[in-house]
Amino acid sequence: MNKKWAAKRLTINLTSSEAEKLEKYCSMTGRPATDVIRELIRSLTVEETPNTN
């Protein structure tokens with residue numbers, strides 16, 4: 001495993017239809033599921049709240 005990406009390992013549970021959709025997308029694009037999921041996570045917008053300490 002490439003240590004560059006080994007910051008945190010994550011296990012997710014998918015429904016069969018979710019897994020099938022991910023597999024089809026990966027097959028169509030030629031990309032590994034890890035890259036697809038990583039890209040989706042990066043596209044999430046998270047509002048930062050000011051620290052009130």
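Helices here are DSSP runs of H or I with at least four residues, numbered from the N terminus. The model on screen is predicted.

**Helix 2.** Select residues 33-42, which make up helix 2. Within helix 2, pick aspartate 35 and arginine 38, three residues apart and so separated by about one helical turn. An α-helix has 3.6 residues a turn, so residues three or four places apart point the same way. The two side chains, aspartate 35 and arginine 38, form a salt bridge with an N to O distance of 3.3 Å. Aspartate 35 is partly exposed at 33% relative accessible area, and arginine 38 is partly exposed at 22%.

**Arginine 31 and glutamate 39.** Next, show arginine 31 with glutamate 39: their closest N and O atoms lie 2.7 Å apart in a salt bridge. Relative accessibility is 26% for arginine 31 and 43% for glutamate 39, and each counts as partly exposed.

**Helix 1.** Move to residues 16-29. Select glutamate 20 and lysine 24, four residues apart in helix 1; their side chains meet in a salt bridge at 3.2 Å, N to O. Both are partly exposed, glutamate 20 at 42% and lysine 24 at 49%. The structure holds three salt bridges. After helix 1 comes glycine 30, with a positive phi near 75 degrees.

**Nonpolar patch.** Finally, select Leu10, Ile12, Leu14, Ile41, Leu44 and Val46, a nonpolar surface patch with about 610 Å² of accessible area together. Leucine 14 sits in the segment before helix 1 and is partly exposed at 40%.

Definitions and conventions: Residues numbered from 1 in each chain as written. Predicted model: local features only at pLDDT ≥ 70, side-chain atom pairs only at ≥ 80, totals over all residues. Heavy atoms only, no water. Patch = residues over 30% accessible without salt bridge, like charges linked within 9 Å, V, L, I, M, F, W, Y side chains within 5 Å. Areas by Shrake-Rupley, 256 points an atom, 1.4 Å probe, with all protein chains shown as cover. Salt bridge = Lys/Arg side-chain N within 4 Å of Asp/Glu carboxyl O. Helix = DSSP H or I, 4+ residues; strand = E, 2+ residues; numbered from the N terminus. Buried < 20%, exposed > 50% of the residue type's maximum accessible area, 1.4 Å probe, protein only.
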